[in-house]
Amino acid sequence: MDLETGIHQHQVKKESLRTVLTLAYQSLGVVYGDLSTSPLYVFKSTFAEDIEHSETNEEIFGVLSFVFWTLTLLPLLKYVFIVLKADDNGEGGTFALYSLLCRHARVNSLPSSQVADEDLSMYKDIISPAPSTFSGRLKSTLEKQRVLQKCLLILALTGACMVIGDGILSPALSVFSAVSGIELAMSKEHHKYIEVPFACIILIALFALQHYGTHRVGFLFAPVVITWLLCLSAIGVYNIFHWNPHVYQALSPYYVYKFLKKTQKGGWMSLGGILLCVTGSEAMFADLGHFSQLSIKIAFTSIVYPSLVLAYMGQAAYLSQHHVVDNDFRIGFYVSVPDKLRWPVLVIAILAAVVGSQAIITGTFSIIKQCSALGCFPRVKIVHTSSKIHGQIYIPEINWTLMLLCLAVTIGFRDTKSMGNASGLAVITVMLVTTCLMSLVIVLCWHQSVVLAICFVVFFGTFEALYFSASLIKFLEGAWVPIALSFIFMLVMCVWHYGMLRQYESDVQNGVSIDRLLSLGPSLGIVRVGGIGLIHTELVSGIPAIFSHFVTNIPAFHQVLIFLCVKSVSIPHVKNEERYLVGRIGPKEYRIYRCIVRYGYRDAHVDNEQFENDLVCSIVEYIRTGRADLDSADEDAAKRREEMMVVGTPTTHLDRIQVREDDDDVANTELASTSELRETRSPPVIRPRKRVRFVIPESPEIDQNVRYELRELMRAREAGVAYIMGHSYVRAKQGSSLIKKIVINYGYDFLRRNCRANIYALNVPPASTLEVGMVYHI
């Protein structure tokens, strides 16, 4: 027995190692595409203006030393060994850190948050610090001070905006730098007319193919990046041994001191170009949800890091022996490539730049989805391009916006110098935001000493602040672009978040009480019509004002009413068995239910037909297992009626109801002789739309009242489902300030009218939709 167990454990361990290595291989194409193309433009951007390459080689060796230690301290030490450990249940990125802090400090930007959300399994691993500790006092301060909560949100949004800005700048910089290799094959007068159009054509093709999804060509990404890294390593080794075998001495930090001593202000200003060597490092953390910590660490430490170091050493070795060149292209990547290899390397470089651009574009889609799910960005159309690969999404509106802005940057700047200044500021700002959020994670989430958090901020923050100042000084030379882009996106996010909060508060204040709803009985002439009425609302409690407005004008509502709230919670994923919160409004005979559907900020929403079936099955499960003491008229019974129960999707209770798909109308609900849930499909025929027949099992365990309620629900489902949604018009109250009027009446109203509906992902048929117009004064 022990021998067999040992053999089994060895097989599991072997399979686990194979899985990790496979993920490490795949991460090369998805995570490191942008970082691996940085040798194309680092030296060229660094020596563009502020410093010159002299005979002493102090400048080139100083830049090499700076690049080496920057790669070692930021991507290797900070991200690989520290930041990757701060994952949010396997997810990474700026908003993952923010949501992690929100849960541990009980801070939430979502107005629809509930106490019941804290019962989700991903919340249960939170350990509250002792109130007497610094972590406990900081947690208490954050929970009490609304100003600090807003500052934390603004910090996270700043990082998100800079990531979006990098999604515009990095593709332009990578592609333009890759195609700049043609400058060595033609005269200066001609190459400038070829580079920009060629780069624009590649960028247009890149964005035009986004809707196909990366999974269709993703298998090519890793081989392309591996081939590119091997080219860098081989060329680097060749240049080292052929031109200057002693270049390794420049890795000493002493050359940093000599570089700064000689160049002084010029050397400090050139740090904006050196900074570009870590472009794409944030992707290691942002794409953590697609891979694992170990796989990303293995790929970086064993392949990416050594290849980049060899590439930069090779360029420095070549340039240390080439000081005076007749043309203007003496500093750059392609001059260090042997003549016979330049065209093949040019092709591989362009492919690697496309792969790197694809990675940052996908990351931009991901961060916008997270912002939208957490109520900080207008709702946009999100297309999941792969049913198998998690996180592969496409956002049409954002894609074409990015393409236009990327083309504008390429045509407007036409050189890597200005593009590098712009991209460098975006990159270092994201790193600074990550450093600030990580210091809070160390104290609040890891419960470590505040001294450790201060050391983390001082060590990495000082290093990054040096680069930030060097990038910011280039404001008029291109660095204004990420600031302007971030300001626009930040304005959109803040206006949307502010307007959404105020509209939600107005909805809560103007909501109809349950007592008033129950008073709308037969004595008032209310008519109940067949079918299920799904009343979409943002509220998680109470009755929305749109329902009162609807009943006042049309004194009739459906046989079964379901107040539906589809909301996001500040965790990446919600398990299927915890997705639905179902409760009852009023006594059983009113047949009014409340259903709250919870999604994580990285979850994919199901389509309409599947959603309807899941929703009805969850209510059936609630009726079947609900409490039987809800019909009394005392106050305790009224409170119990408002309590909600967690119900999973039908996959968690497939053994209780029989489901049949049929095209014909069902007059009566049939009873089954078994307690299994199975799906019986008719022979394949051409049908416009499937009808679902739910069959209640004939079992003595089911109470007659429960059986009767289930029959009514089934009849209503077979009669059809109508989606009743509010079409709101938002206006600022009279007497509001001028700024508030501009924000609400123009800004928020424009965004709300041009964004997607909250349940657009359900693909609700127009024939089943009923919109109720209402004006909100906030």
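Guide: Start with valine 597. Leaving out residues up to four places away in sequence, valine 597 touches Leu564, Cys565, Val566, Lys567, Arg579, Tyr580 and Phe611. Contact here means heavy atoms within 4.5 Å. This is a predicted model: local features need pLDDT of at least 70, side-chain atom pairs count only at pLDDT 80 or more, and totals for chains, interfaces and linings use all residues. Residues are numbered from 1 along each chain as its sequence is written, and side-chain values use heavy atoms, with hydrogens and water left out.

Visitor: Is valine 597 buried or exposed?

Guide: Buried means under 20% relative accessible area, exposed over 50%, partly exposed in between (1.4 Å probe, protein chains only). Valine 597 has 0% relative accessibility, so it counts as buried. Valine 597 lies in strand β6. Helices (H or I, at least four residues) and strands (E, at least two) are DSSP runs, numbered from the N terminus.

Visitor: Where is arginine 594, and what does its side chain reach?

Guide: Arginine 594 is also placed in strand β6, residues 592-600. Its relative accessibility is 7%, so arginine 594 counts as buried. Its side chain reaches the backbone oxygen of glycine 542 at 2.8 Å. Beyond four places in sequence, the contacts of arginine 594 include Leu539, Phe563, Leu581 and Met644.

Visitor: How do I read the sides of a helix?

Guide: An α-helix has 3.6 residues a turn, so residues three or four places apart point the same way. Take helix α10, residues 254-263: its buried residues are Tyr255, Val256, Phe259 and Thr263. They cover an arc of only 105° around the axis, so they sit on the same side of α10. The arc is that of the directions from the helix axis to the C-beta atoms. Tyr257 and Lys261 are exposed on the other side of α10.

Visitor: What do the buried residues of α10 pack against?

Guide: They pack against α4 (58-81) and α11 (265-269). Just after α10, glutamine 264 takes a positive phi of about 55°.

Visitor: How is a helix pair described?

Guide: Two packed helices are described by the angle between their axes and the distance between the axes. The axes of α6 (residues 134-144) and α7 (residues 146-179) come within 5 Å and cross at roughly 95°. That makes α6 roughly perpendicular to α7. Thr141, Leu142, Glu143 and Lys144 in α6 meet Arg146, Leu148 and Gln149 in α7.

Definitions and conventions:
Axes are lines fitted to C-alpha atoms, for helices over the stretch in contact, and angles run from 0 to 180 degrees between N-to-C directions. Angles under 35 degrees count as roughly parallel, over 145 as roughly antiparallel, 65 to 115 as roughly perpendicular and the rest as oblique. A polar contact is a pair of N or O atoms within 3.5 Å; within protein, one must be able to donate a hydrogen and the other to accept it, and residues adjacent in sequence count only if both atoms are side-chain atoms.
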